[in-house]
Amino acid sequence: MAPISYYLVLAIIMFFIGILGVLIRRNALIVFMSLELMFNAANLVFVAFSRQYQALNGQISVFFVMTVAAAEVAIGLALMVTIFRTKHSIDVDQMNNLKG
Amino acid sequence: MLNDYLPIIILLVLATVLGFLVLIIGALFGPRRPTQRKAAPYESGMIPYGPGTRRISVRYYLVAVLFILFDIETVFFLPWAVVFRQLGWFALIEMLVFIGILLIGFVYVWKKGALEWE
Amino acid sequence: MDAALIWEWIIKSVVILLVMTGGFAYVTLYERRVLARMQVRIGPNRVGWQGLLQPVADGIKLIFKEELTPVGADRLIFILAPVITVIPALIVTAVVPWGTEVNLFGRIVPLRLADINVAVLYILSVTSISVYGITLAGWSSNNKYAMLGGLRATAQMISYELALGMAFVGPILWTGSMSLGDIVSAQKNLWFVVIMPLGFIIYVIASLAEVNRSPFDMPEAEQELTAGYHTEYSGMKFALFFMAEYIKMIGVSMIGATLFLGGYQGPFVDAYPWLGPIYLFIKVALWLFFMIWVRATLPRFRYDRLMAFGWKVLLPLSLLYIVVTAVLRLLVGG
Amino acid sequence: MTMPTVNDFLLILPEVVLLIWALLILLIDLWIPDTKKYYTAVLSAAGLVISAGCAFALLGRTGSAFSNMVVLDGFSSVLSILFLLSGLAAVALAYDYLKRNAAQRGEYYTLLLFSIAGMMLMASANDLIMVFLSLELLSIPLYILAGFFRPRLASEEAALKYFLLGAFSSAILLFGIAWIYGSTGHTDFPGIVASIDGGRANYLLLLIGAGLLLVGFGFKIGVFPFHMWVPDTYQGSPSSIGAFMTVATKAAGFAALLRVFLVLFPAEAPIMAGILWGLSAASMIFGNTVAIAQMNMKRLLAYSSIANAGYILMAFVPYGNPVIAQEAVSSALFYLLAYALTSFGAWAVMIALEPAESDGLLLQDFSGLGRKYPWLGAALLISMLSFIGVPLTMGFWGKFYLFKTAVDGSQIPLVLIGLLTSLVSAYYYLRIVMFAYFKPGEPQIQPGRWASVVAVICAAGIFVLSFIPTPVFQFAAQMIMGMK
Amino acid sequence: MISGIHPLLLVTFFPLAGVLFITFFREEQKGAIRWTALITSLITFGLSLMVLAGFKTANPDIQMELRIPWVNISGLPIDFHAGIDGISLLMVLLTTLLSSVAILSTWTAVQDRVKSFMQVFLLLETGMLGVFISLDLVLFYIFWEFTLIPMYFLIGIWGGERRLYASFKFFLFTMAGSLIMLLAILYIGLTAHTFDWTELSQLWALFIPAQTWLFLAFALAFAIKVPMFPLHTWLPDAHVEAPTAGSVILAGVMLKMGAYGFLRFNLPLFPQAAVQLAPWMAVLAVIGIIYGALVAFAQKDVKKLVAYSSVSHMGFVMLGIFAFTPQALSGSVLQMVNHGISTGGLFLIVGMLYERRHTRLLADFGGLWKVVPILSALTLIVVLSSAGLPGTNGFIGEFTILLGSFGSSVLKSPWFGGLAALGVILAAVYLLTMFEKVFLGPISAEENLNLKDMSIREVFTLLPLIILIFWIGLYPAFFYSLINPTVEKLASTVLTAAQAVH
């Protein structure tokens, strides 16, 4: 049985890859995937601790999180499709239509 | 725990080996005489016109989105089914509510025409 | 860890792979023969007795075919896609029990590779992965037919996956477990097909669509799309797709038989455990026969009808089936 | 496994009613022809009113439901009512505005109702997972609502930005929740508190979790370093949604922030107070100074909302002090009420004047308002004065109470920053008044009078309540008594 | 007492009745609106006279107290606590009088948006009256801040060319001070658990640890309003750009609010700090006197000149306050009234001139005496009063202050009085120069030949001020009888308190 720290370190790495992806990447779709990575990092932490505590509540949380993440995927995908249809680009750096 | 999954992993490894083996066999024994015409993407014998991958119709995105949503609902059915007997009528009522909400969404999607393939 | 146990698993895995690949080879022959018979032809019967060596000949032929990679293809993915498709097909049946336990050379050997408690989830997730292979194949080919075929296949498969997933709910509901072993045991006296015929029908339809079989073989509709997502594949890469498709047929038949037709259950199976795999084999063979029969009988669906059927008919039916089964369970099961 | 009872549902009756109503409207709207979408608007308003009725009926009751997932207490009741009223305002503001922009679609109302239900649940969440879920329930509809004017690019961009940063903050928040779970083995508040009190919690993990939570909430309430999405989103979204977000979303974020920190992390206050201090000060300074440069009313209000988030946070800096904690919450609550009225007033005036297909009025567009439309002008004036915090507005009492709490918590430097930034804010708020009253011009009220009605009601509320603030104070103070 | 309403309430809020009444007129009914406003302000003045009648002059304490529980902010009560002593009574009278005068002065000057003007003006009156009667710190703050808004509008809408700049500057400057004061008020309230002035003036010992800062916080707000020397820069702009009536009120009443604040709050609440910092304040006051006078002398614009003269004159008031002798304090209070009258009068005259000539530059005038003798004569009286000629009110006030400051035990230096006396001389110089340039000598400009002399209404506008100039100048005893008891008590409590600690 692998010690919990392995999972946690992995989760932290995933989380930071996600953060970096969000902050650095310009393609909205990749940003979006980085976000999913962050969600899953959290899920991993939940599951790891859930096993550590021999309690189910962490896993149930993951269940909910997955659902929510799916809803977000749906919305995100829809938004990206709409914006691509209007603008023919999903480069977040080009989202500069709004300013003072 | 691990004992349950180790055999599957063994199978997975073997299956992967098999898959690549087939590829390698093909690569080893198959002749290799590419020409420009042969390497061109197949387009009923015509010279290919325009890019091979083009923009995907939005309908596919719609299916993808709907799938994600409904698939997640399906995921909820499975654990519910496992504990159904312990919970009895309560579980049934809960699931009816769940399905009811799902159906409302379903009717909405239907009426809005998202299920029409055109 | 017990080395013998590991060897046992390895041997079982090899057996599964052999059965699957061998099964694949002979299902092709089986299909051709049955189809021919239904169309009042004879079918391949030249290579070997009754054409039994025909698959071998086909295989050898494919080995020596030239493999082409189209210009503009994403080479890595183009090569990997068939493997990604075939692996899930090969391993999806790992959780299906073939029988109870047998005494083999003084060792109690369960006739199953793994009996995990979330077998159904395992099946669902593994089948999902095979969608990737098809999508990637279509996308990496840089070919319009392949692209469209891949997309269609993906859309179709995910649409019917919903119904497929819900079809699993009935047996789980009745058994109270997601382990296929438990599900089979629960059918000792009564196959689930009797209790939940609706679920069975849904499973049959959805599984046909899931493996792109007729009448749901739109993704490969040769009249429209030449060959769908594997238009650009040739040689052994094509063989892999072909293999995946037929192994998936065997797989869904096996899973379906396990879920609804009592799996390895049959008369005297308790007394003679070796009967288990035989019963399962018979059920799978019948199931495959049914699939071929359907192919011979039904015309192909139009794509919009296909999608509409999946979403507008099958999905609500699945929900109804779940509710009905649940109510039934409360009233009958206790 | 404890089964939910009827009592459980009774405690969240307003939310349940609202959700059912939203679902029904979703269905009914399908059969309402496009020309008669006002039925949907009226129906949704009715749902909000009924839900508010339930919330009023439950006022004063306390209890927890669904195995401690949610609690009903004064805090949640008050906020629920605030959310519902905001929802009513958002419906009223949208009614003519959507028609004007040819976006009179029924989904607006359904999504709005869902979002409000999410907010209400968020205010009564007693479990971190519940916090997360309700946060998503409130955010996801808002992502769509922000992009409601598709295919208008501004709206779509607003939605995408809001979505990406919203999801980003949710992920951070969730990661924080996961660590707190790791630290204590619980996600429900009583469990976490018991674990911390029992000394079983891992302090480091808890602290990491608390920090991540703060960042996550920081995004939601739009305080300074986490504010990037605020101006663009508020500007690009439909104005009625912008108004709703500046008030209700912010309030919901604060609701969760207050409850989580007050209940879970009183012991971490020494560290958290420093961070909160910094966030508060930075938001006040940043929001108010950047707002000066804004000539677009929507963006100005967006920056003003950043600053106001800083103000609300100010009261909360000394939350670790148990004597002041109650006061902190009730003053934050009171400020929120005042801010809600003020913000809606200001947005409503703008919406009343905003022509179709507009990205928000420029300040110059208000020229001559006071002369041509005295009522609307007065509403704008009162809102602006209330934003500044001039006496005889609720904004004054809000700031008064807030500063009082902060002084009570010995946060004199922070109060000083608050006061001085108020002064800065006076400049740009007064500039709006200047355009409206001192400059000649011919503004034009757009057809439909609902926005004007909302503006006048809000302004009247700001003004009249400022003479009798005591009941509101007491309301805010008593309602939070049941907390914890 | 009319129908049982407390007289202070009645005085303070009666202008609101006018506001309400005016609402029902149409914009075009300018005459009716003006009359309504005038009558309202006159009635208010009458009501304030009733208060005067009910006031017991010998009693140094707060009188006519009224306490209505109002707000309770988590256990901390904020009451509507009103009451007057001699100082505030005088201020109330000054306010009501000058308001009537100012309204009368707008008869022809304001033609644009008369309705709003009158409403805003009456609102302002209520606000100012509220400042003078409040005995609760928060209530005081509310009225104090509230007065900003009508004044902002008066300057911003009806002001001169640079009205936008001036209105912003006015608002932001004064608000800056009052916000810091709010912080101090909160601190006081939380330390003493009350905002009530009467209680707080007993509890001053509580604030000793922080009193320097509290004093400065209050002083900042009041000093900006007064304005004291380095904080006066808003004043010339506001005065010059405000309409005549606004200038009159600004100079006549609103500046007094600052000085009044010092007397009402700074001295009794933070006595030691007041005594300690008195020399510094006095230094600033003296600088203000000299600086204001010198700058006034350099002005080419009459209105600016009058504005800077305010800085100088209010310096006297401040000097008197921080001399801490009863004499100086009474002088200060009286000088507050005086300044209100004479500077108010000067602004009225400037307004009249501007109405006739649409210019305020000294260079554009000259020899007006020949054309408008009545106006010139009345102007002379006001100018002399402002310059402090014996026999006018200015002399009495300034003389008393100088006398008091020489004998001050706190300032301990005759230099303050000496330099301030220089200010008196300078005032005479710049005021008389101004008078000479405008009214004496040959008529320099063609346009000045056909100016109309004062109308009856204009005479009536100035008349009350002229009467008061002579009344105070010749018979100040009545006013001193109002001021002295209060001031003596104030001086003694402050000095006792200050010594108690030393």
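A salt bridge is defined here as a side-chain nitrogen of Lys or Arg within 4 Å of a carboxyl oxygen of Asp or Glu. By this criterion, the count between chain B and chain C is 1 salt bridge. B:Glu116 and C:Lys312 form this salt bridge, with their closest N and O atoms 2.4 Å apart. The model is predicted, so local features need pLDDT of at least 70 and side-chain atom pairs count only at pLDDT 80 or more, whereas totals for chains, interfaces and linings use all residues. Residues are numbered from 1 along each chain as its sequence is written, chains are lettered from A and ligands numbered from 1 in the order in which they are written, and side-chain values use heavy atoms, with hydrogens and water left out.

Chains B and C share the most contacts of the 5 pairs of chains in contact, where contact means heavy atoms within 4.5 Å. To this contact chain B contributes 68 residues and chain C 83 residues. The area buried between the two chains is about 6600 Å², and carbon and sulfur atoms give 79% of that area; buried area is the accessible area (1.4 Å probe) that two parts lose on being put together, summed over both. B:Leu11, B:Leu23 and B:Leu78 supply 10% of the area that chain B buries against chain C, more than any other three residues.

By contrast, no contact joins chain E to chain B, the closest C-alpha atoms of this pair being 45 Å apart. Chain E likewise has no contact with chain C, for which the corresponding distance is 56 Å.

In chain C, the unreviewed UniProt entry annotates transmembrane regions that include residues 246-265 and 306-332; positions follow the numbering used here, feature names are shortened, and annotations may be inferred rather than shown by experiment. Residues 306-332 of chain C are 100% helix and 0% strand, with end C-alpha atoms 36 Å apart. For residues 246-265 of chain C, the values are 75% helix, 0% strand and 24 Å. Helices (H or I, at least four residues) and strands (E, at least two) are DSSP runs, numbered from the N terminus.

Within chain E, E:His339 lies in helix 14 (residues 326-357). E:His339 is buried, with a relative accessible area of 1% (buried, under 20%; exposed, over 50%; partly exposed, in between; 1.4 Å probe, protein chains only). Residues touched by E:His339, not counting those up to four places away in sequence, include E:Ala251, E:Leu255, E:His313 and E:Met314.
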